[in-house]
Amino acid sequence: MTATLDEKLQPIYQDVLHRNPGEKEFHQAVHEVLETLGPVLVKYPEFADKKIIQRICEPERQIIFRVPWQDDSGEIHINRAFRVEFNSALGPYKGGMRFHPSVYLGIIKFLGFEQIFKNALTGLPIGGGKGGSDFDPKGRSDDEIMRFCQSLMTELYRHLGEYTDVPAGDIGVGGREIGYLFGQYKRITNRYESGVFTGKGLAWGGSRARTEATGYGAVFFTQEMLKARGDSLDGKTVVVSGSGNVAIYAIEKAHELGAKVIACSDSQGMIVDEKGIDLKALKQIKEVERRRISAYTEFHKHAKYVEDGNIWTIPCDVALPCATQNELNGKDAKTLVENGCIAVAEGANMPTTPEGVMVFQDAGIAYGPGKAANAGGVATSALEMQQNASRDSWTFDYTQKRLEEIMIDIHKNCYETAAEFGAEGNYVLGANINGYIRVARAMTAMGVI
Ligand code: NAP
């Protein structure tokens, strides 16, 4: 880790290391929050007396279970699944499910921990949680995905509920998987409990603009950061990593706001299209055909595909990491800054390493951490829950307007909190402290539970 901790926070961090061995992503996420909480101890000593930070660092409940399933040839596979119900001070546990072979407890705990602060920042009544499995959906048939989802939900259902724990999608979990998961929940419980899952299809309780929300939200946040510096996205060159749900809709909104996205990627390579990424082709490849990004050159011969290419070497004004954790390191950050990048907003969760964050902050560029910049996804999930509770269905324009207002508000709160604590423009500090105070107040009010 790079930055040092306040001496009162050091033992708390040591305890986290000791109690959660080997969970390096979780350690990283906790360290990143603790780095910024020193000044809060001074201003709010009552929270320290109540051991709020220590309680936040310990999940309320962690569920680990076996998921057996059969592939199309009849062979049996055994995966492991997790649901970490981290903190319910502000509302039911809320956070997505991730299906990726790299998933283990440390990844789910880092994501769940971040989710507490992110959800608090939205100002909506949602607590923090996260789940997932080491299942790899790549190359699996629809039937195999369905059998896996049904097996997983056969255990998970007993821990969920619209007032208890409400999952959504994440890496490897999109509309198809949510359909299978929700269907099995409905079948087992005999309840059409729409509010138990978000990211649902429009025909069965989903919200308009939820699919677009995380990517759109990250771009709204970028626009606000630039506005605070008297600038805008109009005419800017943008690079977006990933080509999944978040990346695709970040590209869409960036184009709508007058920027040109010239590169995107997947885990095997990257595409550079100086004319601007053609979204129609990208959606066809990724959302319809579920192919590799390399297929883009079949649509546009002039575009360049680079296998294993490093997308952060491409000069740009704005970088939007939208793939996965720790995908942008200190060296990448230096390259971006040297190439003239003025803003970075994280569509992904914790995509920048601590060294990378330091480079951005030292260079004084606008840097929006995932907790704030990608909160539009979960915020719109909360709007989906509102629509489900009132049996209502809002228009796309109205929902998008609400999303934009929420992102403007999150930016304002982070900005003002950072200024209040003497660190103007430091969105990491602003997001962590603002989210922490909201959770700490609720936890204090509810007593020692
Ligand atoms: P997705 O649709 O599954 O897309 C993920 C993208 O990232 C794909 O292009 C994938 O490439 C790439 N990727 C995944 N793991 C990678 C790795 N280890 N190395 C390189 N590339 C990798 O997932 P998503 O929903 O867009 O999520 C992307 C990020 O946003 C995650 O950090 C997630 O936690 C965060 N996020 C998502 C939401 C949401 O609403 N979906 C909300 C907030 C934050 P391949 O296809 O080659 O694997």
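Is Thr 237 buried, partly exposed or exposed? Thr 237 is partly exposed, since its relative accessible area is 24%, where buried stands for under 20%, exposed for over 50% and partly exposed for what lies in between, using a 1.4 Å probe and protein chains only. The model is a predicted one, in which local features need pLDDT of at least 70 and side-chain atom pairs count only at pLDDT 80 or more, while totals for chains, interfaces and linings use all residues. Residues are numbered from 1 along each chain as its sequence is written, and side-chain values use heavy atoms, with hydrogens and water left out.

Thr 237 belongs to strand β6, residues 237-241; strands (E, at least two residues) and helices (H or I, at least four) are DSSP runs numbered from the N terminus. Among the residues that Thr 237 touches, leaving aside those up to four places away in sequence, are Lys 260, Ile 262 and Pro 315, a contact being heavy atoms within 4.5 Å.

Lys 260 also stands opposite Thr 237 in β7, and β6 and β7 run parallel, joined by 3 bridges, where two strands pair if DSSP finds at least two bridges between them. From β6 the chain crosses through helix α9, residues 245-256, to β7 in a right-handed β-α-β crossover, that is, with the strands pointing away from the viewer, the path from the first strand over the helix to the second runs clockwise.

Strand β7 (residues 260-265) is largely enclosed by the rest of the structure, because 5 of its 6 residues are buried. A hairpin through 3 residues joins β7 to β8, and these two strands run antiparallel with 3 bridges between them, Ala 263 having Val 272 in β8 as its bridge partner.
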